[in-house]
Amino acid sequence: MPAISDADLERVEAAIGRALDTDDHGELTVLGYGEVSVAVGWPAAAPVWACKRLPPFAGMAAYREYAALVEEYLARLTASGVAVVDTDVRSLERSGGSVVGYLVQPALDATLLGPQVLRAADPEVGHPLIPAVVDAVLACTDGRTGIDAQLTNWAWTDGRAVNMDVNTPFMWDESGRTVLDVDMFIAALPWIVRATQRRAVPKIIGRWSEPRWTLLDLAMNLHKDGLEAWIPQVLGAANPHLDEPIEAGELEALYRKEASLWVTMHRLKRIDRWWQRHVRRRRYEFLVAPRTDYAATER
Ligand SMILES: Nc1ncnc2c1ncn2[C@@H]1O[C@H](COP(=O)(O)OP(=O)(O)O)[C@@H](O)[C@H]1O
Ligand SMILES: [Mg+2]
């Protein structure tokens, strides 16, 4: 796949800008809404690239620091044998010196995405994607590197599990501090919760430094995509590798808490957007999903 040209990336930025200013995403071909970023397909009529807009950086130095961490993260995952979709880290300079960053990847066909792949398979029979994801987690999670292994972050291409979600590299230094600035993890959260989350995030992210939590998170979030019938397959692949097996019974209550947190975040983002726009009179820099998949399962 050729790299996207700067001219095309400017067109993506202009289209996203219009969507940010109008809340009308109709002009965009959205390949997927995550809780943090949105994959926008380009060209819109027949996507070749998936473009993920990052929170704006104060300047080129901040952008370069971030880009270097993503490159380091990609190198670590690849070295441990985890496949990652080709990821091009790009920037656009804005007037005033700020920088907009993008992660650009090949736009993968919807039928290759993890949730779709499992929907087309039989949970009684299983699918090789599941053990491949479990193996990937075990291969790269070593206390210094981690991975968000939720099923929504994987594609199944040519018989391999390929990760697509690398915008917040999970890496820790020797003293256990996150290498990526905490602000990058919380940039897309509503302003009102950022101060408290800034203190909480290192501990929250720290859970991904061990395989058990990562695999538990993968299993419980199957509820979000209506794939809970696959939980036994995940536990069957994961538990033989864990000192303390994950019990199906512990997942549902944890998931409920997670879902209600993300539903609240989604609501607060809309409030934040209103505030930024009407009171601060500036653009809200994040595309907000029309709905969150967590809401479908919240009771
Ligand atoms: N390269 C890609 N091709 C097609 N769809 C993608 C690609 N990357 C991401 N997506 C879709 O967009 C969603 C959000 O992207 P992701 O990088 O996981 O963002 P987040 O960090 O918010 O979870 C994914 O769950 C997937 O459905
Ligand atoms: Mg994701």
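This is a predicted model: local features need pLDDT of at least 70, side-chain atom pairs count only at pLDDT 80 or more; totals for chains, interfaces and linings use all residues.

Which residue takes a positive phi in the hairpin of strand 7 and strand 8? The residue is D158, with a phi near 50°, in a hairpin that has two residues between its strands.

**Strand pairing around strand 8**

- Strand 7 (residues 154-157) is joined to strand 8 by four bridges, and the two strands are antiparallel.
- Within this pair, A155 lies opposite V162 of strand 8.
- Strand 8 (residues 160-163) also pairs with strand 4 (residues 83-84), here in the parallel sense and over two bridges.
- V162 in strand 8 is the bridge partner of A83; V162 also stands opposite A155.

- Strand 5 (residues 88-93) and strand 6 (residues 99-106) run antiparallel and are joined by six bridges.
- One of the paired positions is S91, whose bridge partner in strand 6 is G101.
- Five residues lie between the strands of this hairpin, and G96 takes a positive phi near 95°.

**The largest nonpolar core**

- The largest nonpolar core comprises 60 residues, and V133, A219 and V234 have the most contacts inside it.
- Helix 4 (residues 129-140) supplies the largest share of this core, namely seven residues.
- Leaving aside residues up to four places away in sequence, A219 touches I231, V234, L235, I246 and L251.

**Helix 4 and helix 8**

- The axes of helix 4 and helix 8 (residues 231-238) come within 9 Å and cross at roughly 45°.
- The two helices are therefore oblique to each other.
- The crossing of helix 4 past helix 8 is right-handed.
- On the helix 4 side, I130, P131 and V134 meet Q233, V234, A237 and A238 of helix 8.

**G26 in its loop**

- G26 is located in the loop that lies between helix 1 (6-22) and strand 1 (29-33).
- G26 counts as exposed because it has 9 other C-beta atoms within 10 Å, and the limit for an exposed residue is 12 or fewer.
- From C-alpha to C-alpha, G26 and D109 are 20 Å apart in space, with a separation of 83 residues in sequence.

Technical notes:
Residues are numbered from 1 along each chain as its sequence is written. Chains are lettered from A and ligands numbered from 1 in the order in which they are written. A residue is buried if 20 or more other C-beta atoms lie within 10 Å of its own, exposed if 12 or fewer, and partly exposed in between; C-beta atoms are placed from the backbone. A nonpolar core is a set of buried Ala, Val, Leu, Ile, Met, Phe, Trp, Tyr and Cys residues joined through C-beta atoms within 7 Å. Two residues are in contact if their C-beta atoms, placed from the backbone, lie within 7 Å. Two strands pair if DSSP finds at least two bridges between them. Axes are lines fitted to C-alpha atoms, for helices over the stretch in contact, and angles run from 0 to 180 degrees between N-to-C directions. Angles under 35 degrees count as roughly parallel, over 145 as roughly antiparallel, 65 to 115 as roughly perpendicular and the rest as oblique. A crossing is left-handed if the near helix is turned anticlockwise from the far one by less than a right angle, and right-handed if clockwise.
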